[in-house]
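Welcome! Here is a short tour for anyone meeting this structure for the first time.

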Amino acid sequence: MSGVVGEPVLAIALRTLAVSGAALALAVAIGVPLGLALGHRRFPGRGLLVATVNAGMGLPPVVVGLLVALALWRSGPLGTLGWMYTPQAMVIAQVLIALPLVVGITLAAVGALPADFHLQVRALGVRGPRAAWLLVRETRRGLLAAVIAALGGILSEVGAVTMVGGNLEGETRVLTSGILMYTQMGRFETALALAAVLLGLTFVLAAALTAVQQASRR
Amino acid sequence: MTSDAVLAARELLVRPGARAGGFTLRVPDLALRRGEVLAILGPNGAGKTTLLRALAGLIAPSAGAIEVRAPHGVALVFQHPLLLAGNVAWNAEVPLWGRGIARRKRQERARAALARFGIAALAERDATTLSGGEARRLALARAFVVAPDVLLLDEPFDDLDAAGREALVQDLAGAIRETEIAVAIVTHDLRQALLLADRIAVLDAGALAQLGARDEVLRRPASAEVAALVGMANWLPGRVRSRDAAGLALVELAPAATLRVATACAAGTDVWVGIRPEHVKIDVDHSDPNTLGPASVETRVSDGALVVAWIDWHALRLRTHLLAGRGLGQTLKAGDGVFIAVRPEDVHVLPRDPR
């Protein structure tokens, strides 16, 4: 051993959860209302917006990383924040990666409702927040699919978080960037340990969400 | 509004969506009255659903007004009712939930509404597993759960078989009688309209073609289009030849084919002559004073309940209906020579506008 012990796996796993959790929460908080609104409002330019969202679902994460880096760079438009190489930068990148997924899948879930859904809900005398709740209730399986897809997208992502986070030990190292680094260093045991944790985490979270989704069937 | 009207359209003008190809609905005056069923009849695309949605306040009119005197609200059952995820009971409760009514009260009233339409036993079933007839019953129970003053139904019996339709009509008639609700039923099918209707409104191409008591509309359609919709199958061009002292006119339909009718039209007027099939009588012993003379049976078909026969009378084809299974309904066959009779008061005469 060269004496390089490195950060404990648990700390990296917890940081990963915190960063990706925050990104997921933000992406869902912004993306679901956006998708619901986009799904049932008709306005000029809607088609273009929907096409943009769908294209965004395939947005290469490295490109997102580049754009966020450009924005947060000292001389960039958001340079004064001093967020480059911080967890905040990683959250921003992950939100941008997850948002099109959340909006796109939410949109599809709303599109699967009957065309006169809103009219019928109104005819039943359900208005305002209750009507919104009914909409969420009727699309909940699709919404959970959006959350699962977003979670998978951001947990597995390495390019953007490395570019804007910098993989700094004790600060911005997450499971994926750690795996990348330890593999390049030839420390396969540590890389494998991180990979096992990442896979376990992904599986447990996806399984939990799937259980919720299936339970909501009736 | 008159005292018994709970919902009325006044000088209503609706243009549903600019994309709908410039379709315009015009209804000068239409009122729904307590305890009365109005059937709104018309071909596809006539504007029936648009009218119903405007009456329910779901579409804002471009001009005119909908006057509402319904403290308990207006319920609209769509042609394809929305069933929400969850069980039957929850679906029936939704309108009460939307009005912020407490859970216990909701459950109680939903149970009563489901029982009214005979599906209380299905309360715990997943609503998406219901048959077409059960789903219809759930939609009606859900409409009645708020005890509305007005019930608007869009093609309520459309996808039911004959037995299911009959059973549902009975339950619905009972519910209407007990609650004294004002009802409008939209349908393209005359027989469905007649099941419950006290009055009939006929819509054609976005315009109110006729509005009147059920028998008035059936016997005195205001136009050829209405006549076709309300089943006045014998609709023939003719001309008023002369008038007699009793106030009856002689109308010629074809050479040697003349009818005595009650009409105010002057001699020489071109007219439409309409006779309902059930008013063309086969005069077995040639004793009817309103006889039209000899004729012959051209074709005869029967669905087991009704016999439909086409009679050749001076090269004109007249349609008549008989009850199947007894008397003439059993014995009449194609090729038979018969005498036919029509009472002057059963002949509807309408001036034929010059082209």
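## Chain B at a glance

In chain B, among contacts with a separation of 6 or more, 68% link residues 24 or more positions apart; two residues are in contact if their C-beta atoms, placed from the backbone, lie within 7 Å. Chain B has 355 residues, of which 37% count as buried. Buried here stands for 20 or more other C-beta atoms within 10 Å of the residue's own, exposed for 12 or fewer, and partly exposed for anything in between. The C-alpha atoms of chain B fill a box of roughly 75 × 50 × 40 Å along the principal axes.

## How to read the model

This is a predicted model, in which local features need pLDDT of at least 70 and side-chain atom pairs count only at pLDDT 80 or more, while totals for chains, interfaces and linings use all residues. Residues are numbered from 1 along each chain as its sequence is written, with chains lettered from A and ligands numbered from 1 in the order in which they are written.

The pLDDT, the predictor's confidence in each residue from 0 to 100, averages 92 over chain B, and 97% of the residues score at least 70. The model scores ipTM 0.84 and pTM 0.86.

## Two domains

An automatic or database domain assignment divides chain B into domain 1 (5-228) and domain 2 (232-351). Their centres, taken over C-alpha atoms, are 37 Å apart. Six residues from domain 1 and six residues from domain 2 make the contact.

## A five-stranded sheet

Chain B holds nine helices and 19 strands. These are DSSP runs numbered from the N terminus: H or I of at least four residues for helices, E of at least two for strands. Five strands of chain B form an open sheet in the order β12-β11-β10-β13-β19, with antiparallel pairing; strands pair if DSSP finds at least two bridges between them. At the edges are β12 (257-262) and β19 (347-351) of chain B, each pairing on one side only.

Within chain B, strands β10 (residues 234-243) and β13 (residues 270-275) run antiparallel and are joined by six bridges. B:Arg239 has B:Asp270 in β13(B) as its bridge partner.

## Nonpolar cores

A nonpolar core is a set of buried Ala, Val, Leu, Ile, Met, Phe, Trp, Tyr and Cys residues joined through C-beta atoms within 7 Å. The largest has 130 residues, and A:Ala93, A:Ala98, A:Val102, A:Ala150 and B:Leu152 have the most contacts inside it. Helix α4 (residues 87-111) of chain A gives the largest share, 17 residues. Apart from this core lies another of 22 residues, including B:Leu253 and B:Val271.
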